[in-house]
Amino acid sequence: MHLLLDAQVLRPITPGRLRTWLERMPARIGMTRISPAIVERRRTLLMGLVLLAESHIMVHLDIETARAFIDIFSCKNFQIGPAIQQVEKGLKVRICQQRALERGLEYVVPARQGNAFGEPQHDAR
């Protein structure tokens, strides 16, 4: 599942507040954080990333326009409504647009030996 959110920032987001939110968010939506949050400011952009056992959460914030773009990407399904509520509550934003994409629905698997890393596949018997 890939949840993409465009939002209007209602209250300024500091690097510290973004870091804290990124580190707490995974547990609030049933996921597992596997890295500390990385937060970086470049001119008028504030960006944050946290890696999950399931994938990642990423935030891009344009300080001048007070617009935020939030991605929650997970290899496992999660409840979209509660995730959006946690984004709105924790970051103090209003969601302007949302899109949820199912992932892994249409894969073309080529005929080959081995797994995705080129390693031999073993019979699970």
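Me: Which residue is the bridge partner of V39 in β3?

Reply: The bridge partner of V39 in β3 is G48. This is a predicted model, where local features need pLDDT of at least 70, side-chain atom pairs count only at pLDDT 80 or more, and totals for chains, interfaces and linings use all residues. Residues are numbered from 1 along each chain as its sequence is written, and side-chain values use heavy atoms, with hydrogens and water left out.

Me: What makes β2 and β3 a pair?

Reply: Two strands pair if DSSP finds at least two bridges between them. β2 and β3 have 5 bridges, in the antiparallel sense, so they pair by that rule. Another bridge partner in β3 is L45, which faces R42. The two strands form a hairpin with 2 residues between them. In the turn, R43 has a positive phi of about 50°.

Me: What is the order of the strands in the sheet?

Reply: The order is β2-β3-β4-β5-β1-β6, an open sheet of 6 strands with antiparallel pairing. β2 and β6 are the edges because each has a single partner strand, so one side of each is left without a neighbour in the sheet. The twist averages 15° from one strand to the next. Strands here are DSSP runs of E, at least two residues, and helices are runs of H or I, at least four, numbered from the N terminus.

Me: Which residues of α1 are buried, and what covers them?

Reply: They are R17, L18, W21, L22, M25 and P26. Buried means under 20% relative accessible area, exposed over 50%, partly exposed in between (1.4 Å probe, protein chains only). The cover includes β2, β3, β4, β5 and α2. α1 lies across β2, β3, β4 and β5, at about 25° to β3. Such angles run from 0 to 180 degrees between N-to-C directions, with axes fitted to C-alpha atoms, for helices over the stretch in contact.

Me: Why is Q98 called partly exposed?

Reply: Its relative accessible area is 46%. Q98 sits in strand β6. Leaving out residues up to four places away in sequence, Q98 touches L4, L5 and I84. Contact means heavy atoms within 4.5 Å.

Me: Why does R33 get the label partly exposed?

Reply: R33 has 38% relative accessibility, so it counts as partly exposed. R33 lies in the loop between α1 and β2. Its contacts, beyond four places in sequence, are L22, E23, P26, V50, L51 and L52.

Me: What makes a nonpolar core, and which residues touch the most other members of the largest one?

Reply: A nonpolar core is a set of buried Ala, Val, Leu, Ile, Met, Phe, Trp, Tyr and Cys residues joined through side-chain atoms within 4.5 Å. The largest has 30 residues, and L18, W21, L22, I57, I70, I72 and V87 touch the most other members. β1, α1, β3, β4, β5, α2 and β6 each supply at least two residues of this core.

Me: What is the mean pLDDT of the protein chain?

Reply: The mean is 89, and 83% of the residues reach 70 or more. pLDDT is the predictor's confidence in each residue, from 0 to 100.
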